[in-house]
Amino acid sequence: MKSLFLQDIVEQIEGNIVQGSGNPLIQNVVYRPKKIVDQTLLFYRYQDMKIENKVIKKYKSVAIVTDRLDLIKNLPEHVIIIQVPNIEEAYWKFVHFYRHLFKIPVVGITGTCGKTTTKQMVKHILRKYYKVHSTFLSNNQRSLNLHYLLGINDDTEAAVFEMPVASPGYLTNTIRYFQPQIRILLNIDVYHLTDSKTPEAYMKGKAEIINDLDPDTGVIILNADDENIKKVLDVSSFKNVVYIGLSEGCDFRAEDIGYSDRGMKFTLEHQGRSYPVFVPGYGKPNVYNGLAAIAAAVAAGMNVKECCERLASFEQMKEHLQFLEGEGGCIIIDDTWNAAPLSMASALEVLQETSDSKMKIALLGYMPQLGDSRYAQEQYARMGEKVVETEVDLLFVVGQEAIEIGRKALELLMDPGKVYFCNSGTEIYPFIQPYLNKNTTILLKIPHRVMVQESFKELKRNLIPKTN
């Protein structure tokens, strides 16, 4: 965090000091009492949280902002108490004030799949010239927004943030913190039904990507080939709409796409010029990720040629369609970081497209944020259809939640002797062990929260030698 004098903050939030005095330098702003350290400003927003006097007594400079003085009685005299008419309004005034201390390129990325990879790509490209602050891996939950915002300081020259959608309003909240001038919407599929309840509500949540974007100066980067984006988004009032994709008319268009060693190669067409591009990591979705990253970096001030060159040195993320040499010379596609219908369908396509004549084995698990509604069951059935479409030879369905994948595959006449329903890695290994040879490709598409269970950790150790 950029250090700020308390009086400057008090002025911005229109507060009134009712206890204590002085003008300490504030180096930490929180809204959870348990995170108080010295030189902290606490926005006391949640009435059910207690402020422990014994904790505050340890520190010389602590200030508390509140609109309920009755909730914070009997605090030590050295604690500065700032009264405001409305704590929520004061909090957001501070957020707005802090964010606008910095005139730097800020990129915000959302989409059902590909956010983390694209964010890491943008970060990697921009680091050629900028000191870049970003969300960490895929830790992008709303509770971390203030922490990430305060991570911007005087040394920061650019920032890149993932912006997820759990339900309508979620994305708007994140945008309010980061105010990205460059925004990316990668794709919209069906997910997060546990919070959104319906696919329509989830799609509506993604459409919030344009909220509070300046129609004259803001940049919105869209996947032109995504039909759901077209259904929910009206960008007619925005001057800087950048389209990426494979179709005619895209501002950043990929042609001649093909698999290469450890990644995808294609030709980028942009403003009448062609550029050779290599994106580490397999699959057509990775082409879209690369296009979006290049477009964002160009919007931030870099030229196309150096963006393409820089992208080639990107280090593919672990457990994101990561190809590894398995036991007996088989190929393991480790895509266990997360699981959503779109990413599972894409992973099955990669399995088919990279296997040639090899035997194709898929281990498919449940999708954590899909829930168990009829909409969720429709998506699991859709994955069963994809299994048959991509000609999987041997299917392992992991967990009761995902059972509809196997049921649908059987309904579509997949050989019952080639479909296994199981709940642990221990069950799987005896059936898969005979196929561990150079003529087999195995897709692991089981979510991370399952893969950390001991039986699945053991399965992975058995499938993948330690030499990787």
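These are my notes on a few spots I looked up in a predicted model.

**Ground rules.** I number residues from 1 along each chain as its sequence is written, and side-chain values use heavy atoms, with hydrogens and water left out. Since the model is predicted, local features need pLDDT of at least 70 and side-chain atom pairs count only at pLDDT 80 or more, while totals for chains, interfaces and linings use all residues.

**Helix H1.** I started with H1, residues 6-13; helices here are DSSP runs of H or I, at least four residues, and strands are runs of E, at least two, numbered from the N terminus.

**Asn28.** Next I went to strand S4 (residues 28-30), where Asn28 sits. Asn28 is buried, at a relative accessible area of 19%. Its side chain makes a 2.8 Å polar contact with the side chain of Thr40, meaning N or O atoms within 3.5 Å, one able to donate a hydrogen and the other to accept it, with sequence-adjacent residues counted only if both atoms are side-chain atoms. A polar atom of the Asn28 side chain also lies 3.4 Å from the backbone oxygen of Lys35. Leaving aside neighbours within four places in sequence, the contacts of Asn28 (heavy atoms within 4.5 Å) include Met1, Val37 and Leu41.

**Lys408.** Buried or exposed, I wondered about Lys408? Lys408 is buried, with a relative accessible area of 15%. I placed Lys408 in helix H14 (residues 403-411). The Lys408 side chain has a 3.0 Å polar contact with the side chain of Glu411. Not counting residues up to four places away in sequence, Lys408 touches Ala381, Gly384 and Glu385. I also checked Phe178, which is 230 residues from Lys408 in sequence and 43 Å away in space, C-alpha to C-alpha.

I get 39% helix and 24% strand over residues 322-444, with the end C-alpha atoms 10 Å apart.

Technical notes: Buried means under 20% relative accessible area, exposed over 50%, partly exposed in between (1.4 Å probe, protein chains only).
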